[in-house]
Amino acid sequence: MKIKKLFMIIASVAVSLSCALNAACVNVGNGGNTGNPSEGGNGEQQEHTHVWDTFYTTDSQKHWKECSGCDEVAEERNHEFGNWIVEKEPTETEAGLRYRECSICDYRQEESISPTGHEHVWETTWTSDGDYHWHKCEDCDAVEDGTKAAHTWDDGVVTKPATETDEGEMTYTCTVCDREKTEPIA
């Protein structure tokens with residue numbers, strides 16, 4: 001019982017303090033009766049003069065102003081967006097970002113811009129390593145589907161004959177990409 005009474009007193013002080021600080025509630029009639037039964041009021045909601053916030057409350061669709069002394073709202077309207085502004089340009093691989101703002105409340109709506117990607121332009125020359133050859137894109141090093149394959153070596157040519165004291169050398173050439181490899185011969 002004492003806790004309930006303490007809570008009612010704290011709530012009453014908070015309401016009174018809020019009204020005093022915000023100058024939001026102007027009691028009308030009943031000799032200043034706030035309507036609060038704990039203060040001897042009759043429990044009826046008392047009229048007051050609305051004091052509207054100077055800023056807008058927003059959601060993704062609308063904006064409005066709230067009374068600082070009650071739950072009333074005013075100036076509730078749909079956002080009025082300006083033109084889209086690109087904040088970050090998309091690249092071939094990364095998304096960009098654009099936004100637009102409401103001209104009334106400055107609410108900012110953001111939207112991702114898809115990466116631009118690009119059309120692959122495949123090189124006509126072969127790229128290779130010791131084991132494979134392939135065609136790659138001129139711009140992004142992507143490998144063209146179906147072109148990566150193991151080297152196809154020819155029968156080889158002796159490029160350095162072996163002697164009694166030194167090893168020789170055999171050079172093999174890929175018949176597809178012309179990559180060469182050498183191997184010692186005895």
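Start by selecting Asp 141, which lies in the loop between strand 8 (132–134) and strand 9 (149–150). Bear in mind that this is a predicted model. Check the backbone at Asp 141: phi is positive, about 65°, although the residue is not a glycine. Is Asp 141 buried or exposed? Asp 141 counts as exposed because its relative accessibility is 51%, and exposed begins over 50%.

**Stop 1**

Select residues 62–66 and residues 73–78. These are strand 2 and strand 3, paired in the antiparallel sense over 4 bridges. Strands of a sheet pair through backbone hydrogen bonds, either parallel or antiparallel.

Now pick out individual partners. Glu 66 has Val 73 of strand 3 as its bridge partner. For His 63, the bridge partner in strand 3 is Arg 77. Strand 2 and strand 3 form a hairpin, with 6 residues between them.

Three strands make an open sheet in the order 1-2-3, with antiparallel pairing. Strand 1 (57–58) and strand 3 are the edge strands, each pairing on one side only.

**Stop 2: Glu 75**

Stay on strand 3 and select Glu 75, which is found there. Look at its backbone: phi is near 55°, a positive value in a residue other than glycine. Glu 75 counts as partly exposed because its relative accessibility is 42%.

**Stop 3: Glu 72**

Step back to Glu 72, in the loop between strand 2 and strand 3. With a relative accessible area of 43%, Glu 72 is partly exposed.

Which residues does Glu 72 touch, leaving aside its neighbours within four places in sequence? Show His 50, Trp 52, Lys 65, Glu 66 and Cys 67: Glu 72 is in contact with each of these. Glu 66 is also the bridge partner of Val 73 in strand 3.

His 50 and Glu 72 are 22 residues apart along the chain, and their C-alpha atoms are separated by 8.2 Å.

**Stop 4: salt bridges**

Turn on side chains. How many salt bridges does the structure hold? There are 7 salt bridges in the structure. Side chains of opposite charge can pair when their charged atoms come close.

Select Glu 87 and Arg 108. Their side chains meet in a salt bridge, 2.4 Å from N to O. This pair links distant parts of the chain: Glu 87 is in strand 4 (residues 85–88), Arg 108 is in strand 6 (residues 108–113), and they are 21 residues apart. Colour both by accessibility. Glu 87 is partly exposed, with a relative accessible area of 46%. Arg 108 counts as partly exposed at 30% relative accessibility.

Move along to Lys 88. Lys 88 forms a salt bridge with Glu 94, and the closest N and O atoms are 3.4 Å apart. Lys 88 counts as partly exposed at 39% relative accessibility. Glu 94 counts as partly exposed at 45%.

Next, select Arg 98 and Glu 111. They form a salt bridge with the closest N and O atoms 2.5 Å apart. This pair also links distant parts of the chain: Arg 98 sits in strand 5 (residues 96–101), Glu 111 sits in strand 6, and they are 13 residues apart. At 24% relative accessibility, Arg 98 counts as partly exposed. Glu 111 has 33% relative accessibility and counts as partly exposed.

**Stop 5**

Hide the side chains and select residues 157–160 and 168–173. These are strand 10 and strand 11, which pair in the antiparallel sense over 3 bridges. Find Val 158: opposite it, in strand 11, stands Met 170.

Gly 168 stands opposite Ile 185 of strand 12.

Finish at the turn. What sits between strand 11 and strand 12? The two strands form a hairpin with 6 residues between them. Select Asp 178 in that turn, where phi is positive, about 70°.

Terms used. Residues numbered from 1 in each chain as written. Predicted model: local features only at pLDDT ≥ 70, side-chain atom pairs only at ≥ 80, totals over all residues. Heavy atoms only, no water. Pairing = 2+ DSSP bridges. Buried < 20%, exposed > 50% of the residue type's maximum accessible area, 1.4 Å probe, protein only. Salt bridge = Lys/Arg side-chain N within 4 Å of Asp/Glu carboxyl O. Contact = heavy atoms within 4.5 Å.
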